[in-house]
Amino acid sequence: MTEQQIFESLAVIVLASPLALLLFVSFVAVLPFRDKEKAIRSATYLAILAGLLASVGIAAGMIAAGESARLLDLGDWVAIEEVSFHFHVAFVFDWLSVPFLILIWILCGTVAAFTSRYLHREPGFQRYFILYSLFTAGMVISSLARTIEVLFLGWELVGLSSALLVGFFHERKSPVINGLRVWGVYRFADAAFLIAALVLHHMTNHGDFTAMTGHAAWPATDSNLEPWQAFVAGLLLLIAAAGKSALIPFSGWLPRAMEGPTASSAIFYGALSVHLGAFLLLRACPLIAASPALSAIVVCVGLATALYASVVSSVQADVKSALAFASLTQVGLIVAEIGMGWYVLALLHILGHAFLRTLQLLRAPNLLHDYFKMETAMGRRIVAGDQPRLLSRYPFFRDQVYHFALNRGYLDSFLDGWVIGPFCTVFRQFTRWESRWIAMWDSRVVNDAGDDFASGPIHPDWSEESAMDHERVSR
Amino acid sequence: MDTHTSHPDGSLSQIGQAIDHAAHFLPAQGPITVFIHHNTLHALEHLPFEKAVRHGAELFGCRAYLSEERYREELAVGRIRTSDITSSLLESLGDEADIFVGLLGTRFNLRRAILRHPLHAVLPEQLDWVIAESSAFEKFNTEADKDESQRMVSATRRWLGRVFGDGNGNGESERELKQLCEPFADRFSLAQMESWKPSKWESFTLNLLWRICLNEVARFPRHDHKRPPVRHRDFLYSRTGEDSDQLVNDILIPFCLGLLDQGFSKWHMPERDKGLFAAFYALHGGGGRIRDRWLRTLPDELARIHDGRVTPLQSVQESLHQLGVGENEIELFITQTLLALRGFAGMIWQVERRADRVAHGLPQGSLVEFLAIRLILDRLALADIARRELGPRQSLAGLRDYRFHRDVADPFQNTRCEAFAIFLLAQTLGWQPETLFRLTQPNWKKLLEEIRLFDETERLQVFHLAYERRFRQQSLDAIRNHHLARKSAGLDKRKGQAGKVLFDVITCIDEREESFRRHLEEINPACRTWAAAGFFCVAMYYRAADSFQYVPLCPIVIEPKHYVEERVAGEQEEDGRRRTALRRTVGATLHGLHSGSRSLFSGAATAVLGTLAAIPLVARVLFPRFTALFREHFDKLYSVPSDTWLQIERKASQPGSGNDEIGYSVDEMTEIVERLLRDIGMTSEWSRLVILLGHGSTSLNNPHESAHDCGACGGGRGGPNARAWARMGNDVRVRAALAARGLIVPDTTWFVGGYHNTCDDSVTLYDLSRIPSSHAADLEPARAALHEACLRNAHERCRRFESADLRLGKESALRHVEARVEDLSQVRPEYGHATNALCVVGRRELTRNLYLDRRAFLQSYDPSQDDANHSILARILAAVVPVCGGISLEYYFSYVDPEGYGCGTKLPHNISALVGVMNGAASDLRTGLPWQMVEIHEPVRLLMIIESTPEAMLSIIAGNPVIRQMVEGRWVQVATMNGESGDMHLFQQGRFVPHHPETTELQRAPSSAAWYRGWRGHLDFVQIDAAELVASGNRKTP
């Protein structure tokens, strides 16, 4: 076997293992295993171990050969020459993706081991592992993607599994509400991502990152794009990254995402998916480097997020929210580092922070125990302190800042009042217009159905007949 | 309804009283660091159990019993027998059993018939679906008896033939019948009924039956007793789908968290020491803040209250006035308003009342301020939603318009539902259509009333009584038969044991120690065990050598007066100081990392180095036990030196926390020692070594850790109590004083204190260096037995853990439970009190060598040593009944309704403000027990078996109001047992009635392990063929 063949088979193992796991877990219910939990657990260990070893093997090979990037090209899956659109499936192993990949395997593996005991006897055990393997697959695909389409594919899988895991306890109301909210923010970010992909296609006729970021391996930054092109594309990607990484102004969803089981909160919002936005920016760093204006914006968004999150984190009295905002503080700093052009530092920061935060979140239910131990060792009680002297001296500002922090910087109110509210109003108005229009055609449809769309799903008086009429008319 | 608009005000004192009263319905759980088990429905304890669970179900929106489906499953597997249901039905009906109800004879008969077949309660919205899906009008219900159905069809055929056979059918009842058939007549051509196939006849019969039922039920519609909601929010919600509570919670939950925080957040809430009102004003009163639209007028409102010096109570009054709450419903309204966020309201109430138990208390009157704030927010949220959804100029009072309430809508569908239930009942009971058709109206009315009277809760109650009855019969029989067997072997007396007993062990009454004691006695028959409440009569504030604060170690009802301190022995003092210094550094570093990692810049530094965290992360999750051993090694460097002693003797005359005031006087010690020995009856037949074991539990990642500790120590760990008691008992001055009181403890007897960790099954003995050399040899067999008992106990416990292989050996079992303690991902470190069901108060001779499956609290008590007034039993029961009853009832309710009374699954729990847990980042505080703690529990009321006479018990019940309330209200079941004859009496309806054993047989097993092996579920109680039993009788092991 040549070296290239070895690399290719390892790369296929990396990509295939989470997908195979997903397939296995999804169908485990109909497979002849007596102890389903055990079967799922063993399969997960196997898949993670295979992926980890293959990734380490690739890294070793790259070090041995002194290479900085290797490609796995699966060719065009769709090609529409007239509009020069190619759905090009290709994966890249470089010094950005490989460390991130190894991080993913270690964290996913640890969390799998944790969860297999934590969720023991839980009715949703299998469902959790389906979402978990979907998430792992998404993370692996997006970290290795070499074209923006492939990255989007992985990105979507991560988003879908995250939102469903937030709503894991769907018998209660608030997990579902919060899961929907996370999903909503993700979709908004996705829209920006898709537009960015389209814009890039228009500018470069390719979806490959090389087209926009040059051929040199990461972290080199020789973009072929004009600064204004880089600015437009980069800004859209920044919006996408901000949604995924809960940067300002999307930060409100992060604490809401703590509705799922502790372990999934840890891996998703403490460690991996919250860093995915930063990863995207790292992947697109040549764009940022090509546009000074964009760099400045990235630094500002990052620093603002960090400052915001650290202030908000200071007043959180529940451990998971406090850790969520602590995470966000560091993510903000990481984004600022990317804007400054310190890419390697940013990558190291991601790795270290992900490990630390996962450990802290997994231990979050141990808080009382830890506090008892620390207080005993220190020989005194741990108490909440004052705000910084500058603030605590002036009650007006002190209260103001506390109010700001306790209301999480009003970001959710802002989104509710200025984005979601108007959006809903506009579309409800459309619904009203539509139903009025229909009513003009067919008087049998109940008048003013629009109002009912606003509050409830379907008008109870709609018989089958009128529903059919409705369908006919709308055609 | 006009009651809401008349009398708009209540006086301030009336409102104050209403709040006080409503507060009792809030969860009584304090900060979670000290978890005290108590009856979840304590507020309703003045009612009898059955009434209270029904009332509680309405008030709190929770379940009263298990589901009917569940009871039927238990019936199917034989856990409940049909005869139990019959007996329970008779018992619950009492004199009413023979009331004649028509058609089926007596009320008893009707109810028994209803219970025999599952009555599928169908919700109005499901009805049409169920009818279509089960072809209800085509085929007989599957529960119906085949022959009975055949008979019904042919009788209907005969009836129709009679009526329509001659072709005219013009009589009065014929016309009525025709009318009845009208709605479905087009599918059945009556003229050709001769040629109908059997299936067509079946369908026709069912259609006819359905029409008859529907007709009659519609004639006597049910007057719905379901109380309409009182809160405006419920009306607005059902009308618009907008939830005002959600708006209010968004403001109120973070506010309460900041207020209750005991030191987790970095910044404290401004002005919180001045109370809720002041803090809320500081937070929301100032201008210039961005806020949601519905809160725009909040600052003005707060400023008005602040400037006008409106008291919280006046503010509540204003709000009630504006909301149009009538005088006669104030209490109900306030109760429901507080219950809307019951976890936080309850915690505020607890912290306000017991400010001494937390680091940051709240001032008196906090609950009133909470209510005032809540009502202000409620008003604003309601007004905003009403304006948006219903248009301007809505008065708040007008929101409670019953015309718009959806729950009371559609009476027709409700009628159909009820008719459908009777339709099914008629099929299963074989009520002929003709009979029903000819039933007179008064009889129909009576029948319907009877069926309505026997509603779901009533049915479940009978099932539940049967469920308890079966267990009670088995338990009483097992203990009685075991006693008789031991008596015939001559083992029921304590006399003459002195020489044969090597050592004694006194444990807590906790049911987890039952197996530990049983194993000890199995391992070494020369061991004798006893049990007393695990604080061993030593009520104290205790400070460990490494601690900086005193913790109370005694039942929650006692406020200790004495202080005890652990100190490092003189020769190690220097070493101790060095270690303390090191410990302070380590603690400060840990805290620095802990809080620093959450801040901006030090967070960045820790994060960049955070890759190092991968090591503990992977190690702790993958190799928990190994990591723990490794860590312990490090901890040893700075832990307290091994040689410590208790400062237990007081110099000053009065107890206190000052240096000279620490400890007890000799008289007080004598009092304590005598009290325990007399309680358990250890006054003669001494052995050389008596070991006392307190108990507690450690586990990781478990906010409910304290719930596994010793209940008698108020959710603390009882090791120090045992240690202190042993010190007192060994004191020569104490022994001299005891002798003067007629209690002679021989010099050859030595007491040793110890601690049993029920989670990892380890035993630590204290002050071994102080054991006289004469007793060193006695210690060895005892330690060996304790070690072996730990192994076997771990083994027995492992059968309950699904993740432990049933084939594990003893050593692997111990390693398994040790790993559970250290495992971050383990949500069931131990099962705690789950499965508790029994409490035996009496001599150990009654239960020795009886396998009680870790389900029985055991309290030692010797009636022969009690005085004529039963004063020892009375003081024992004064503690045992409320404590064990409380534990049992908390498990009952958390199991029966895990989301309502319990705190649901642990998986999304989030420790909040260091006082409780929320689900996710913003829910109410969850109280009660998590599902993972109770999942193997069997919800039965505690059965107390007391070795005493009915007369003695009646006088004790009459003399103690707490016991009286619990026993007469049937919150616990009480039986007495005669220690001679084994005769038992059961307390029922205010008197003791003889218990009639159902069997005189008792299964036997060669050893505990041979019996529990290979089975995870509950086990029957069996006699263990221990050496002494086998030796004394000529019995054979099966």
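Mentor: A polar contact is a pair of N or O atoms within 3.5 Å; within protein, one atom must be able to donate a hydrogen and the other to accept it, and residues adjacent in sequence count only if both atoms are side-chain atoms. By that rule, 33 residue pairs, both at pLDDT 80 or more, are in polar contact across the interface of chain B and chain A. The model is predicted: local features need pLDDT of at least 70, side-chain atom pairs count only at pLDDT 80 or more, and totals for chains, interfaces and linings use all residues. Residues are numbered from 1 along each chain as written, chains are lettered from A and ligands numbered from 1 in the order written, and side-chain values use heavy atoms, with hydrogens and water left out.

Trainee: What makes the residues of the side of chain B that touches chain A nonpolar, polar or charged?

Mentor: Ala, Val, Leu, Ile, Met, Phe, Trp, Tyr, Cys and Pro count as nonpolar, Asp, Glu, Lys and Arg as charged, and the others, Gly among them, as polar. On that side of chain B, this gives 41 nonpolar, 34 polar and 20 charged residues.

Trainee: Why is the meeting of A:Lys373 and B:Asp635 called a salt bridge?

Mentor: The term requires a side-chain nitrogen of Lys or Arg within 4 Å of a carboxyl oxygen of Asp or Glu. The N to O distance for A:Lys373 and B:Asp635 is 3.7 Å, and therefore the pair qualifies.

Trainee: What is the area buried between chain B and chain A?

Mentor: Buried area is the accessible area (1.4 Å probe) that two parts lose on being put together, summed over both. Here it is about 8,100 Å², of which carbon and sulfur atoms give 61%. Contact, meaning heavy atoms within 4.5 Å, takes 95 residues from chain B and 87 residues from chain A.

Trainee: How do you know that E11(B) and strand E21 of chain B pair?

Mentor: Strands (E, at least two residues) are DSSP runs numbered from the N terminus, and two of them pair if DSSP finds at least two bridges between them. E11(B) and strand E21 (residues 1022–1024) have 2 bridges in the antiparallel sense, so they pair. B:Leu850 stands opposite B:Gln1023 in E21(B).

Trainee: In what order do the 3 strands of this open sheet stand?

Mentor: The order is E11-E21-E20 in chain B, with mixed pairing. Strand E11 (850–851) and strand E20 (1004–1005) are edge strands, each pairing on one side only.

Methods
Helix = DSSP H or I, 4+ residues; strand = E, 2+ residues; numbered from the N terminus.
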